[in-house]
Number of protein chains: 4
Amino acid sequence: MNSPAPHTFTVQLHDTDAAGVMFFAHLFRHAHDAYEGLMAEVGYPLDELIRNDEPRLPLVHAEADFLRPIRHGDRIEVHARVSDLAERHFTLTSDFLRDGERVASCTTKHVAATENGAVALPSGLAERLQDICPRLG
Amino acid sequence: MNSPAPHTFTVQLHDTDAAGVMFFAHLFRHAHDAYEGLMAEVGYPLDELIRNDEPRLPLVHAEADFLRPIRHGDRIEVHARVSDLAERHFTLTSDFLRDGERVASCTTKHVAATENGAVALPSGLAERLQDICPRLG
Amino acid sequence: MNSPAPHTFTVQLHDTDAAGVMFFAHLFRHAHDAYEGLMAEVGYPLDELIRNDEPRLPLVHAEADFLRPIRHGDRIEVHARVSDLAERHFTLTSDFLRDGERVASCTTKHVAATENGAVALPSGLAERLQDICPRLG
Amino acid sequence: MNSPAPHTFTVQLHDTDAAGVMFFAHLFRHAHDAYEGLMAEVGYPLDELIRNDEPRLPLVHAEADFLRPIRHGDRIEVHARVSDLAERHFTLTSDFLRDGERVASCTTKHVAATENGAVALPSGLAERLQDICPRLG
């Protein structure tokens, strides 16, 4: 399978702040939108996981680098990929591109867990994540 | 009982947008914070209502008037009061004051409901709301 | 000209709250996204208005009716139209549809203003808004 | 001078999501609120820096560890400290405590910059940051 389609968005007024640029925390929101899109694409939409009380995939770590100011009206492509995959967790890395230039990047680590603690990722999900990131294989 | 204490906040950077003022939708968020404070004060904290699966109090209507630009660093007092109370619903009206001047106001209507539809407000809650708004009596 | 294209979005996890439905204030954010889309479509993208220090179009009133719970994963179409147009202000009304059913509606009133107070809408903008809403004519 | 006072907040409904816990990106918002409080405390409120077109302090990196689920109604103390200080940048580290237990931590790196690039921190600010974090000296 090919890489997942990029998630695209236009920076809205509410993404920005009085300093005239995107407020940094909103980048994590957009990275999560890209993650939701990727999960739907591999057949594990988050809303179903949550409603069916399947293992959740809570974030245990998130980080971002802000390379260029991002401004109101900018058109951004978010390219998300699985950058690490193990039995009980996976990591996504997203590059934020504007006109082909990387303006930010974001990494989030997700652990499969029930209320009693960490568990193995659903096997189908692990296969699908592997599938879209052949370089991990 | 006296009126509920005002909810106060300082306008944070993330409340503002590239036009230099508070993004309007955030006013509703702050009005909801005042509502949460009022509910805790009358002994019905929202988090307990939600966790205990008691009747929820979903909003069916919300509106706001924006009278003056609200800016980063402004210190705002939110004065919330019960402006209408009936068997199955109540309405809150909040005035947003800066240095004693009203800069915005917000009204939200809440209906008691289970998954099967509207129900009566918990009797204790109705009494407490009446209690803090004697002019309704 | 035809009506503006609807603004569509999927309800993301961050749109929802612990009560399991969309947090009401986010509806206003989505209505504003539809407004930004409409302004771009008529040739007056908000980011340019703000950057060029043209008259701003601040909201003086906003209101919404919440008709049905909106849930994580719901696919929503926002149909925005100009419902009132005068020399110095205009009003937008947006219907939120899920599978063709109206689940919410939102109205926002915008006034043309400089730092010195209300002014006439840019004439080109007034014409374009009239153009996309022939029933106002 | 003593350490800055902790920034405290109660987790509001809008902080949470349909999975029943705080949506991770909001932690960064709260960390920024603590940063704004710290800047006001040392005499450099962000709103004045932005309005006076002084060097801005944009974030170039942010990261967080999420150690325990944070829930609606939780009372959180954010203890922010300067964990690194150099001529042109500084780093804040914030611990999020609930009943004395650390439930999350967040680190943000800020660079002094004008539109032309990185510059030295205002000397007064550097002194004040040093002052509240004697272990850096």
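Modeller: Buried area is the accessible area, taken with a 1.4 Å probe, that two parts lose on being put together, summed over both. The size of an interface is often given in this way. Please bear in mind that this is a predicted model.

Biologist: How much area do chain A and chain D bury between them?

Modeller: Chain A and chain D bury about 1,600 Å² between them, with 66% of it on carbon and sulfur atoms. On the side of chain A, the residues A:F24, A:F28 and A:F66 supply 27% of the area buried against chain D, more than any other three residues. In terms of contacts, 19 residues of chain A meet 19 residues of chain D.

Biologist: Which elements give two or more residues to the side of chain A that touches chain D?

Modeller: They are α1 (24-41) and β2 (59-66) of chain A. The largest share, 8 residues, comes from β2(A). By class, this side of chain A has 12 nonpolar, 3 polar and 4 charged residues.

Biologist: How many salt bridges and polar contacts are found across the interface of chain A and chain D?

Modeller: The rule finds 0 salt bridges there. Polar contacts, in turn, link 10 residue pairs between chain A and chain D, counting pairs with both residues at pLDDT 80 or more.

Biologist: How does β2(A) run relative to strand β2 of chain D, parallel or antiparallel?

Modeller: The two strands run antiparallel, and 5 bridges join β2(A) to β2 (residues 59-66) of chain D. Within this pairing, A:E63 stands opposite D:E63 in β2(D).

Biologist: What does the contact of chain D with chain C look like in the same terms?

Modeller: Chain D and chain C bury about 730 Å² between them, 75% of it on carbon and sulfur atoms. The side of chain D that touches chain C has 4 nonpolar, 3 polar and 1 charged residues. The contact takes 8 residues from each of chain D and chain C. Across this interface the rule finds 0 salt bridges and 4 residue pairs in polar contact, both residues being at pLDDT 80 or more.

Biologist: Let us turn to a single residue. Why is D:T108 classed as buried?

Modeller: A residue is called buried if its relative accessible area is under 20%. D:T108 is classed as buried because its relative accessible area is 7%. This residue lies in strand β5 (residues 101-111) of chain D.

Biologist: Which residues are in contact with D:T108, leaving aside its neighbours within four places in sequence?

Modeller: D:T108 is in contact with A:F24 of chain A, and with D:L59, D:H61, D:A62, D:F90, D:T91 and D:L92 of chain D.

Note on methods: Residues numbered from 1 in each chain as written. Chains lettered and ligands numbered in written order. Predicted model: local features only at pLDDT ≥ 70, side-chain atom pairs only at ≥ 80, totals over all residues. Heavy atoms only, no water. Contact = heavy atoms within 4.5 Å. Salt bridge = Lys/Arg side-chain N within 4 Å of Asp/Glu carboxyl O. Polar contact = N/O pair within 3.5 Å; in protein donor to acceptor, adjacent residues only side chain to side chain. Nonpolar A, V, L, I, M, F, W, Y, C, P; charged D, E, K, R; others polar. Helix = DSSP H or I, 4+ residues; strand = E, 2+ residues; numbered from the N terminus. Pairing = 2+ DSSP bridges. Buried < 20%, exposed > 50% of the residue type's maximum accessible area, 1.4 Å probe, protein only.
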